Amino acid sequence: MKGFFKVMPLERVFELAPGFGTVGTKTVALMDADLRILAEAVTAPCDLPGFSRSTMDGYAVQAASTFGASQSNPAYLEITGEILMGEAPEIKLNPGEAARIPTGAMLPGGADAVVMIEYSEELDATTLEVHKAVAPGTHVVEKDEDIKKNTLALKKGARLRPQEIGLLAALGREQIAIFKKPKVGIISTGDELTDIATLPAPGRIRDINTHTISAMVKTAGAKAVSYGIVPDDFEALRKACERAVSETDMILVSGGSSVGTRDLTMDVIRSLPCSEILVHGLTISPGKPTIFARVGEKQLWGLPGHVTSAMIVFDRVVRPFLESFSGLSPSSARRFRIPARLSRNISSAQGRVDFIRVRLVLEDDGTFIAEPILGKSGLIRTMV
């Protein structure tokens, strides 16, 4: 007779994640690094932008030359030249002088601010009337204001979003070291399952889990490898698991994790070389019968067969392990919580964490109401 599982709290489960290390690394062109995970710390080799530049079309000035200027009492400056885009200025401004400058151009020596065109007027070719005083640094980006030379630009483990790609481009990085994408093997078990292209016979259902879990794996930044539907047969499941262990970095088996007489996942795991059951049962709902095992250096997860349970376990439990294995730093993997008020009371068993699907409704006052979407864990519509 099969024994009942001993549930483990989530905080203890997550303590196991560092024991699996991370995937290997490779170097790629920056153009191919979007949304990948950085495998090196990046130190700025130079100041950024590298020179002080204007952020407005107007006139480069010494700010002190404009102090006290107003519409009724303008300041008058001498125009001594014009700054061109993409060129280092040859002129140097003295007190009481100004130079025409476009947005993005390099500030000339002696200048520390820019007067906008809107607050100035050229009375003739050499005389500028300024109607508004500016302070030092006004409409100017300083030479190291974005980032200073030899400072840490990006931490190892950061996900390279478009803004991180832009920073690396600004620092001149044509190539960058990233973590490889983990390969996740996906196996769906059950005599009742049929391919989605087949009209299910009475008593059978289409295989949803392969597709939902594959999509979640890809969303997490990994590669999904499907091993198809495996019947409730010890040898068939063992062969599928052996193949997945040899070809992928993590294995997800959906179905066969409960205590029923036809639930074979535990027996199959125990039969695999160098295997160890780390977790059989979590203090959560849905997803209590989840299995977590080590097979050699690989992670093998036994997910519930019901689609909603499998999706929630992946999102709340497996995904953090996958992100850690992918090299993602905890700061980059953080989750953002949205405060909301439940529209009704929800009961929960003592000592258990319940994951309740909700629909968020924005109220007129800007707060959120969370409307529980109740339903059995086999109903995919509760996730839609």
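Two strands are taken to pair if DSSP finds at least two bridges between them. In this predicted model, strand β24 (residues 358–362) meets that criterion with strand β25 (residues 368–372), the two being joined by 5 bridges and running antiparallel. Within this pairing, Phe 368 of β25 stands opposite Leu 362. The hairpin that β24 and β25 form has 5 residues between its strands, and Gly 366 takes a positive phi near 90° there.

On the β22 side, the partner is β25, and here the strands run in the parallel sense over 2 bridges. Leu 342 has Ala 370 of β25 as its bridge partner.

Most residues other than glycine have a negative phi, and most peptide bonds are trans. Against that background, a cis peptide bond joins Leu 48 to Pro 49, with omega at about 15°. The proline of this pair, Pro 49, sits in the loop between β2 (42–43) and β3 (53–54). Another cis peptide bond links Ser 285 and Pro 286, and its omega is about -5°. Here Pro 286 lies in the loop that runs between β19 (284–285) and β20 (291–295).

Leu 35 has a phi near 65°, a positive value in a residue other than glycine, and is found in the loop between β1 (25–29) and β2. Asn 150 is not a glycine either, yet has a positive phi of about 70°. This asparagine is placed in the loop between β10 (140–141) and β11 (152–154). With a relative accessible area of 60%, Asn 150 is exposed, because exposure is assigned over 50%.

Strand β1 also includes Ala 29, which counts as partly exposed at 32% relative accessibility. The C-alpha atoms of Ala 29 and Ile 176 are 6.5 Å apart in space, although the two residues are 147 apart in sequence.

Turning to charged side chains, a search of the whole structure finds 14 salt bridges. Side chains of opposite charge can pair when their charged atoms come close. One of these contacts brings together Glu 164 and Arg 161, at 2.6 Å from N to O. The two partners fall into separate accessibility classes: Glu 164 counts as buried at 10% relative accessibility, whereas Arg 161 counts as partly exposed at 39%.

Glu 242 forms a salt bridge with Arg 238, and their closest N and O atoms are 2.4 Å apart. Because Glu 242 and Arg 238 are 4 residues apart in helix α4 (residues 234–247), about one helical turn separates them. Glu 242 is partly exposed, its relative accessible area being 32%. In helix α5 (residues 265–271), Asp 267 and Arg 270 are 3 residues apart and so are also separated by about one helical turn. Their side chains meet in a salt bridge at 3.9 Å, N to O, which falls within the 4 Å cut-off. Asp 267 is partly exposed at 30% relative accessibility, while Arg 270 is exposed at 52%. Beyond these pairs, Arg 319, Glu 323 and Arg 335 are linked in a network of salt bridges.

Definitions and conventions
Residues are numbered from 1 along each chain as its sequence is written. This is a predicted model: local features need pLDDT of at least 70, side-chain atom pairs count only at pLDDT 80 or more; totals for chains, interfaces and linings use all residues. Side-chain values use heavy atoms; hydrogens and water are left out. Buried means under 20% relative accessible area, exposed over 50%, partly exposed in between (1.4 Å probe, protein chains only).
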